[in-house]
Amino acid sequence: MEAELYLDYNTPYHRLDARTKIIVFLCIFVGVLMFQDPRWLIPTFLLVLAQLLVSRSAKNLQRIRYVLLVMSISSIVLWNFFASGVTPLFWVFEVESMYYALGRTILIFSIVTMGVILISTTRNEELIMGMIKMGLPYRVGFAISTSLRLVPTVATSLATISQAQRSRGLDLESGNVLERVKKFLPLLVPVFLSTIRNTNIFGMALESRGFGAREDRTYYLQMQMTKADWAVLAFFFLYVAISIWLNVMGYGKIVGLVRF
Amino acid sequence: MTEPTLVIQDLTYRYRGTKENAIEAIDLALERGEFLVLMGPTGAGKSTLATCINGLIPHFHKGKLEGNVIVCGKNTREHTVAQMAEDVGLVFQDFEAQLFSTNVELEVAFGPENFAVPREEIGQRIIENLAYVGLSDFRNRPPSTLSGGQKQKLAVASVLALQPKVLVMDEPTTDLDPISKMGIFEITNRLRQRSDLTLLVVEHETEEVLQANRIALLKDGRLVKVGPAHEILRDVDLIESLGLMPLGITRFFKDMSPEASTAAVDLPLLPVEAETAYRNNGWQVCPQTYGALVAKEAEAEQTFRAKDPLICCRDLEFSYPNGVKALDGISLDIYPGDIVAIVGQNGSGKTTLAKHFNGLLLPTSGTVMVNGKTTKEQGIFRLGQSVGYVFQNPDHQIFSETVYDEVSFGPRLRGLPADQIEARVAETLKAVGLEGAEEEDPFSMTKSARQRVAVAAVLAVQPDVLILDEPTTGLDYREQRSMMDMVRRLNENGSTIIFITHHMWVVAEYARKVFVVKDGRLFLEGTTREVFSHEQELLEASLRPPHFIQFTNLLGYTMLRPAELAACTKGGGA
């Protein structure tokens, strides 16, 4: 069962320091917030897509394609309700609110994609180390990475359990969405129980290996910023600086948009 | 110097929310360098005692603790689990859940990191301990890509990296195939020779505990007997009365000379000893009686072969979506009314093969036919009616609040009239030995009872074939026996049975025919007796017959049970 989120490839993106990847993630996060107009978001969006290609993480994005689809559709519909403009399009939709909704969708899509890239290219321990080096307490970093680790565990047990039920004649593949959800719900009972059980052993194993035995702690994993890291950082700092400057200069806004 | 490393004084513990003590008045002391094995049936309190030693009880599990546990002069009450970790290492049974790093060397580094060991020394400890357990070549691999046996070895290495003085292992081999088990025991054996390490292992496989200095028998939370390993193992009657598996060899010799007292010091324990003792007694195997036994089996095989196969695989190949080839050209026939075992190393493809029989997986090439039709054309829903599949872990299957709901789930899905469902449930529960348990909550039942509920739930749709994946894992000897006796009864009442197992004695006692899978290929096939006579080939497939069968192979015959050999033996005093 392939449920791991980390993709064990050796792309240039994988080789970057975890700190660089976290900062790049934050840069894009800030960058997309600077623009409302989807046309102005295109360069950022292309930048995200380029990273997706270089890091070969599209596979993980494909796994959550249904989530992305639902998110995109609801985002487009909802933002049209919560914003209005001056040029009518049809029904509650206006040209301005439509533009705005498109922009917000690109924003959500970019941030989710960046998150997927980060997790797909960074080992758990590197992520913790990166966060610690950037000033986060060890326990907080460990907690974040542990919750990420839960995803593959839950996915694996869900796969086994649905196989067990299909063997008993439960048809999980037909019916409309509502019917399918209804059939799926009882399966969550064994999923929760086995997750709780696993977490319990995990907790015991952790303590038995001395987790939190002392205040100080050494780290075996060492991280080294390379020239490539500094180059990437320089590029993204420049990107953020330009984005903020454009925003301050008043570019990238949608004229005539009213938000509620 | 003479101060024992581990002292347990009058220890009593009760889990919160329970009425009975899990362990009661345990007194035990382990000298430095000693190797003690803790044995006992399910629910005897073995794991409870093991988790008391590193302080998980009383710090992690809350409850009522009386008495003391003192390790290297430290009382567990006064130190946290993490602080105890430097002195006591604990290896768990579940090899999946106790590993949490993405990389083998980081897994080993985790413990020393917590104790602020300098980085250079951590590097040293990684090299040392990975070499010790034989995983040096896997240093940069993610643990999830290791086999079960390797994962358990990694767990041992990562605990040893803390350089503990006491190592506790809680059923470390339960989920492993015979050779992986031996790998762990080979490590245990080397650890035992280290004078600086005190070993306490919870185990219920009798053949594997021969190396121990002492054995402590536990029942209902109390110590029944503590003594030198060989002395305890020779007391087959006591071991059997506790619901543990006696050594087949010792059982045989005890039965052959009933006048020997329980303290008989000369009862053989190992195959080679047994062969010598057998010949010294002037015993011989009667070739005619043995020949009749073999002839009867050959005849049965002919009768089966005359029928139309129920399941028929031809050149079955299967690759997972990621391109890994799991099955590579398997052809086999399974006949109605048969009881067959599928065996093989962890990851050899036996479960993948079995999942083809009920259509959970469809072949990449080749065909699988059930009742004369391919699984592709029948689909999993229709196949579920004729092929029932019981998964390894009953907790993956059970989700209802009452046994009745759980067992009636299948019949309801298949539209059985309501008035028949009740009778069907009652009938099925009777077949699995859970008569009248309809209203019970499956989640509060014991593991072996949940296993039976899972079997009942599959049986309720009255399939022709019942596939059981590891039906005896996690059960003690007595539970394993009663589970398999039930399976045999189902077979006698007409069900075709296919079971996957790591327990070779279960194969020897219950299967008529055996398929050995190795690296996705059918490696060996034949009646149980034929297969167990090929000891060398089995070894290549990482399997090993029980000691008793090894002993009879040394005699030149393959006997599956002590009673068979007794019936075939003549001469001497017998």
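**Entry 1: the model**

I am working from a predicted model, so I read every value below as computed from that prediction.

**Entry 2: two helices in chain A**

I started with helix H2 of chain A, residues 18-33, and its packing against helix H11 of chain A, residues 227-248. How far apart are the axes, and what is the angle? I found the axes 9 Å apart, at an angle of about 15°. Angles under 35 degrees count as roughly parallel, and H2(A) and H11(A) are therefore roughly parallel to each other. I also noted that the crossing of H2(A) with H11(A) is left-handed.

Next I looked up who meets whom. From H2(A) I listed Thr20(A), Ile23(A), Val24(A), Cys27(A), Val30(A) and Gly31(A). Facing them in H11(A) I found Asp229(A), Val232(A), Leu233(A), Phe236(A), Tyr239(A), Val240(A) and Ser243(A). Sorted by class, this contact between H2(A) and H11(A) has nine nonpolar residues, three polar and one charged.

**Entry 3: the six-stranded sheet in chain B**

I then turned to chain B, where six strands make an open sheet of mixed pairing, in the order E6-E7-E8-E3-E9-E10. Which strands stand at the edges? They are E6 (88-91) and E10 (222-228) of chain B; each has a single partner strand, so one side of each is left without a neighbour in the sheet. From one strand to the next, I noted an average twist of 15°.

Gly89(B) is opposite Leu167(B) of E7(B) here.

Helix H7 of chain B, residues 178-192, packs on it and touches E3, E7 and E8 of chain B, with its direction at about 150° to that of E8(B). Helix H1 of chain B, residues 46-53, lies across E3, E6, E7, E8 and E9 of chain B and runs at about 150° to E7(B).

**Entry 4: the four-stranded sheet in chain B**

Last, I checked an open sheet of four strands in chain B, ordered E13-E12-E15-E16, with antiparallel pairing. Its edge strands are E13 (325-334) and E16 (373-374) of chain B, each pairing on one side only. How many bridges join E12(B) to E15(B)? I found five between E12(B), residues 311-319, and E15(B), residues 365-370, which run antiparallel. Within this pair, Ile311(B) stands opposite Val370(B) in E15(B).

How values were computed: Residues are numbered from 1 along each chain as its sequence is written. Chains are lettered from A and ligands numbered from 1 in the order in which they are written. This is a predicted model: local features need pLDDT of at least 70, side-chain atom pairs count only at pLDDT 80 or more; totals for chains, interfaces and linings use all residues. Axes are lines fitted to C-alpha atoms, for helices over the stretch in contact, and angles run from 0 to 180 degrees between N-to-C directions. Angles under 35 degrees count as roughly parallel, over 145 as roughly antiparallel, 65 to 115 as roughly perpendicular and the rest as oblique. A crossing is left-handed if the near helix is turned anticlockwise from the far one by less than a right angle, and right-handed if clockwise. Two residues are in contact if their C-beta atoms, placed from the backbone, lie within 7 Å. Ala, Val, Leu, Ile, Met, Phe, Trp, Tyr, Cys and Pro count as nonpolar, Asp, Glu, Lys and Arg as charged, and the others, Gly among them, as polar. Two strands pair if DSSP finds at least two bridges between them.
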